[in-house]
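Dear colleague,

I am passing on a structure that you have not seen before, and I would be grateful if you could look through it alongside the notes that follow.

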Amino acid sequence: KGKSIFEDNKCTRLYGVLQDIHASKLQDIQLKRSEEQFRQTFAYAHTGMALVAPDGKWIKVNKSLCDMLGYTEEEIREKSLRGITHPDDLNENLTLLDELVAGKRNSYQMEKRYIGKNNNIIYAILAVSAVRDASDKIIYLVSQIVDITAQKTSEQKLKETLAHLQTILDASTGVVIMMTNNRGIITSVNKGVENLLGYTTDEVIDKLPASTFHLAAELQQRSEELTAKFNRPVSMMEAFIAEIKPNKPATREWTLVRKNGTTFPAQLTLSEVSNNGEIVGYLGFAAD
């Protein structure tokens with residue numbers, strides 16, 4: 001009312017302003033929790049993680065990445081991107097990084113090879129995303145690196161094995177060798193299919209069932225014989241495989257039909273192809 005808050009040099013009242021900061025305090029708490037969760041995830045993740053400056057320099061790396069590459073954190077931080085990247089993968093990596101820094105993309109993922117401390121090659125999936133401030137300026141990049149070396153090594157061994165197998169199959173031109181899936185569809189053949197049956201590989205692989213090369217009447221007869229033997233219905237497809245036992249192929253004489261309709265007697269040996277105990281297909285050898 002126009003009076004001083006002091007009377008006779010004594011404070012008679014106080015004025016204050018209260019401001020609701022509940023929302024901002026909750027935001028601060030949530031931010032601290034998120035930061036702590038990120039620190040925990042970063043430190044103890046089983047995949048390699050790194051914080052990288054926009055110019056490509058390392059800010060921080062976790063233990064998993066150190067173990068993967070064989071370096072200490074201090075040693076990695078002294079290395080450049082070029083120093084640990086396989087030369088054949090460097091250009092793609094730098095191009096994607098430049099696009100990310102330039103704002104042309106928010107993240108990128110690529111398969112690349114790293115060079116370890118012992119000059120060993122590490123195959124990995126690299127995923128990189130940018131963390132930006134309120135003005136959309138990049139603060140740092142978050143890199144996640146998943147080691148797929150074991151997988152790539154297995155794939156390479158499988159390719160080599162298949163290449164060797166195909167060489168053997170193609171060298172065996174006097175017999176028909178084919179592999180089918182568990183539904184009887186042909187998945188692989190040798191040159192004998194062309195020499196003895198008159199079909200090209202493109203005509204049969206993933207297109208024809210193995211029964212294509214058999215007389216329908218003969219298959220029907222065998223189906224009826226096995227139906228009587230086992231006292232249950234046996235389909236024409238099962239007529240081929242009913243008497244195959246684990247690790248014991250079944251051999252029988254059949255009449256095979258060439259593409260031009262002519263026939264010839266053949267001895268056919270069939271065996272199971274298994275993966276982890278599950279039958280995934282059948283391997284057949286047929287000789288005139």
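**The sheet and its cavity**

Strand β3 (residues 48-52) pairs with β7 in the antiparallel sense over five bridges. Please keep in mind that this is a predicted model, in which local features need pLDDT of at least 70 and side-chain atom pairs count only at pLDDT 80 or more, while totals for chains, interfaces and linings use all residues. Residues are numbered from 1 along each chain as its sequence is written, and side-chain values use heavy atoms, with hydrogens and water left out.

Strands (E, at least two residues) and helices (H or I, at least four) are DSSP runs numbered from the N terminus, and two strands are said to pair if DSSP finds at least two bridges between them. On β6, Ala130 has Leu141 of β7 as its bridge partner, and β6 and β7 pair in the antiparallel sense over nine bridges. These two strands form a hairpin with five residues between them, and Asp136 in the turn has a positive phi of about 70°.

These pairings belong to an open sheet of five strands with antiparallel pairing, in the order β4-β3-β7-β6-β5. Its edge strands, each pairing on one side only, are β4 (58-61) and β5. The twist averages 25° from one strand to the next, where axes are lines fitted to C-alpha atoms, for helices over the stretch in contact, and angles run from 0 to 180 degrees between N-to-C directions. Helix α5 lies across β5, β6 and β7, running at about 150° to β5; contact here means heavy atoms within 4.5 Å.

A search of the whole structure finds one cavity of 30 Å³ or more, a cavity being a set of points on a 1 Å grid over the protein atoms alone where a 1.4 Å probe fits but cannot get out. The largest cavity has a volume of about 150 Å³, a volume being the space filled by probe spheres set on the points. Of the 14 residues that line this cavity, those closest to its centre are Val52, Trp58, Leu81, Tyr108 and Ser143; lining residues have an atom within 4 Å of a point. The elements that give two or more residues to the lining are α5 (87-101), β5 (107-115), β6 (121-132) and β7 (138-147).

With kind regards

Definitions and conventions. On a 1 Å grid over the protein atoms alone, a cavity is a set of points where a 1.4 Å probe fits but cannot get out, and a pocket is an open set with protein on both sides within 12 Å along at least five of seven lines; lining residues have an atom within 4 Å of a point.
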